Amino acid sequence: MPRPHRPVSLGTSARGGGISQVTPEDEIEALIARLPLGDRAAFGRLYDLTGAKLHGICLRVLKDAAAAEDAVQETYVKVWNAAGRFVPGAGNAMGWLVTIARNTAIDRLRARRRGEVGTEAAEALPAPGAT
């Protein structure tokens with residue numbers, strides 16, 4: 001059974017001196033918002049929070065650990081480059097990351113399948129110079 005997300009205390013709030021609660025989803029959203037500023041620390045923290053889940057998604061699609069690692073790396077490059085287009089509050093930040101990872105893995109799977117089909121077709125051709 002999955003554990004529910006527990007809010008993380010960030011100390012006193014600037015508004016009323018109370019305790020501010022930030023959920024993991026809020027933290028992920030805030031980290032994504034810092035990426036367009038070139039914040040490498042935010043990128044590292046984002047990876048720490050989301051890397052295992054995104055790797056699991058890529059692995060489930062690709063069924064190959066090395067290919068999944070490559071897909072995760074490509075996913076984070078895409079996230080870094082597209083972070084400025086993410087609109088905080090307009091959608092689920094983790095869902096946005098999952099969609100990028102899943103689509104990247106599917107694209108790699110399709111490319112791999114096209115390559116395998118192309119290889120099989122090439123192997124069926126006679127060798128150059130053969131009659």
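Q: In what order do the elements of the protein run from the N terminus on?

A: Helices (H or I, at least four residues) and strands (E, at least two) are DSSP runs, numbered from the N terminus. In this predicted model, the order is β-β-α-α-α-α, which comes to two strands and four helices. Residues are numbered from 1 along each chain as its sequence is written, local features need pLDDT of at least 70 and side-chain atom pairs pLDDT 80 or more, while totals for chains, interfaces and linings use all residues. Side-chain values use heavy atoms, with hydrogens and water left out.

Q: Which residues touch the most other members of the largest nonpolar core?

A: A nonpolar core is a set of buried Ala, Val, Leu, Ile, Met, Phe, Trp, Tyr and Cys residues joined through side-chain atoms within 4.5 Å. The largest one has 26 residues, and those touching the most other members are Ile28, Ile32, Leu46, Leu54, Cys58 and Leu97. Helices H1 (24–34), H2 (40–62), H3 (65–82) and H4 (93–124) each supply at least two residues of this core, and H4 gives the most, with eight.

Q: What does leucine 54 touch, not counting residues up to four places away in sequence?

A: Contact means heavy atoms within 4.5 Å. By that rule, leucine 54 touches Val72, Thr75, Tyr76, Met94, Leu97, Val98 and Ala101.

Q: Which residues of H3 are buried?

A: An α-helix has 3.6 residues a turn, so residues three or four places apart point the same way. In H3, the buried residues are Ala67, Ala68, Ala71, Val72, Thr75, Tyr76, Val79 and Ala82.

Q: How far does H3 reach from its first C-alpha to its last?

A: The expected span of a helix is 1.5 Å times one less than its number of residues. With 18 residues, H3 reaches 25 Å, close to the 26 Å expected.

Q: Is threonine 104 buried or exposed?

A: Threonine 104, found in helix H4, counts as buried because its relative accessible area is 0%. Leaving aside neighbours within four places in sequence, threonine 104 is in contact with Ala71, Glu74, Thr75 and Lys78.

Q: Where is glutamate 29, and what does glutamate 29 touch?

A: Glutamate 29 lies in helix H1 and counts as buried, because its relative accessibility is 19%. Beyond residues up to four places away in sequence, glutamate 29 touches Phe86, Pro88, Gly89, Gly91 and Ala93.

How values were computed
Buried < 20%, exposed > 50% of the residue type's maximum accessible area, 1.4 Å probe, protein only.
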